[in-house]
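I opened the model to take notes on the whole chain and then on one residue. The entries follow in the order I looked things up.

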Amino acid sequence: MRGTMMDFPLTLPVLLERAGKLFPRVEVVSRRPDKSVLRTCYGEVYRRARRLAAALTRLGLRPGERVASMMWNHSGHLEAFFGVPCAGGILHTLNLRLHPQEIAAIARHAGDRFLIIDDVLLPTLEKFREEAPFERVIVAPYGSGSASVPEGFLNYEELLAEGGDDFRYPAIEENDGASMCYTSGTTGNSKGVIYSHRALVLHSFATGLEESFALSFRETMMPLSPMFHANAWGMPFGCAMLGTRLVLPGPHMDAESVLDLMAGEGVSRSCGVPTVWIGILDALEKNPGRWKLNAPVQVVCGGTAPPIELMRKLDRFGIHIKHLWGMTETTPIGTCGGLRPHMQEWPEEKQYEVRAKQGWAAPFVEVRIMRGEGEAPWDGQTPGELEVRGPWVAGQYYDAPDQAQRWSADGWFKTGDVATIDGEGYVKLVDRAKDLVKSGGEWISSVDLENTLMDHPAVKEAAVIGVPHPKWQERPLAAVVLKEGAQATEQELRAYLAQSFAKWQLPDAIVFVEAIPRTSVGKFRKTELREQFAAWKWES
Ligand code: ADP
């Protein structure tokens, strides 16, 4: 017998209506390029998103067509997050940090029909306009307050002013596409993921969980992940659904500017990759008394593993990191967590070890680790490839020829990450399969070495890669950035590592560098490091 409940579709218009009706006065704060602050609210975002939906419909947008955005984190982008899907279209957030030719190629692959762009980003568009597919370009006045719109382009504000407030949503099914994002390509070519309305709505519920972002109407969230990186980790949708005050930093992502905004706006929730928080810690240590934060600030950190020392030191400043593992393909919440009640009395060191794990699976995200054909036990020791499935996990890529091998025969997504899972379900990432150092038949985790190096007081950043070796196939090489004014020798760092690692696991070379190359979303770009050190001459 079937249940007797309504078959009610999970779609974004319902979420937008909710934000407009229940939280009209909750603030959305955006920082402009000149650092002035624009204050608006969900009531206004609701009204303008619907006007945008009406304008796109007038321009002839058909269901399922892609509208690209090239915008910083600000309320105008938030309007597009709702306006495009509520018109039946798919918002494709372009990664504006990529090379212009790469942006053009991705826009062409996605078949983006329209583009909404911040006026301040027009110079970037100029570099690839000829190769881009956009039929219409809509310019939003983010920098100037009134957009000076080049010939042939449309003015966002004029479009919004033309229509009334009587927009009627088209028929949308919950499995229809709502937004689209390309993976940032840390390890391979970037691929497109289309998030359905249903996935985004269900994922928004998960953003309210204590073990994840813990969003609520009481909190102020400042996402430091760009809105083009997995929808700023779902924050625009989650915050609107739960009535969370939203602070959007615009293009100013340097640590001091972020801290100014964080303190000034009483931010209590944030998220971002570890490199962002490494910079913030550095600024706090240089000017300990300068910022009065709304502590404790709960920060969700993922993308790569935050080192324990980073967590420990940020704790002292009232910034508490919660670890989240996710991917563009998982919308992105996969696993998250923290300490369980019976761990509260554990010694501090043991607690940090738990917090350094990636946490347990979010509701409806199922995880398993595979070794060959079989599933590995949840013993916290046996590593294997992490596979996931769930309602907000991608079931395929958009139009990618060589994608079949990313899904198992029984439909799980193969993440390419190597992990262990313990008896309580805590996932611990050993490494990305491609980043494991394969030395003489043994695997060495680059992540463990990096984290321990970054625990050393003189080290700011460290990345470990496998470099071809005539005898051992690969051996680990560590690229290290020292803190300003700090000193350490290769021998000293190796001795430090030797306290925690077997001799054969230690990097054979520790090289001091000015900076570690980063991807467009702030991760260490190991592919580039590997190229840089490919011809390294090992001492025999
Ligand atoms: P890209 O694959 O291009 O880096 P994503 O942002 O989708 O783009 O990255 C997903 C990957 O990031 C995961 O497969 C994993 O390797 C890594 N990752 C994400 N979160 C964590 C974390 N908390 N700890 C370690 N690695 C992580």
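What share of the contacts in the chain with a separation of 6 or more comes from residues 24 or more positions apart? I get 67%. I count a contact when heavy atoms lie within 4.5 Å.

A note on the source: this is a predicted model, where local features need pLDDT of at least 70, side-chain atom pairs need pLDDT 80 or more, and totals for chains, interfaces and linings use all residues. Residues are numbered from 1 along each chain as its sequence is written, and side-chain values use heavy atoms, without hydrogens and water.

Next, the fold. I list 16 helices and 26 strands. These are DSSP runs, numbered from the N terminus: H or I of at least four residues for helices, E of at least two for strands. The radius of gyration is 23 Å, close to the 24 Å of the globule rule for 540 residues, so the chain is as compact as a globular protein of that length. I take that radius over C-alpha atoms; the rule is 2.2 Å times the number of residues to the power 0.38. Along the principal axes, the C-alpha atoms fill a box of roughly 75 × 60 × 50 Å.

Then burial. Of the 540 residues, 59% are buried, meaning under 20% relative accessible area with a 1.4 Å probe, protein chains only.

Last, Ser75. I find Ser75 in helix α3, which covers residues 75–86. Is Ser75 buried or exposed? Ser75 is buried, because its relative accessible area is 4%. Leaving out residues up to four places away in sequence, Ser75 touches Val28, Ser30, Leu38, Thr40 and Leu248.

Conventions:
Buried means under 20% relative accessible area, exposed over 50%, partly exposed in between (1.4 Å probe, protein chains only).
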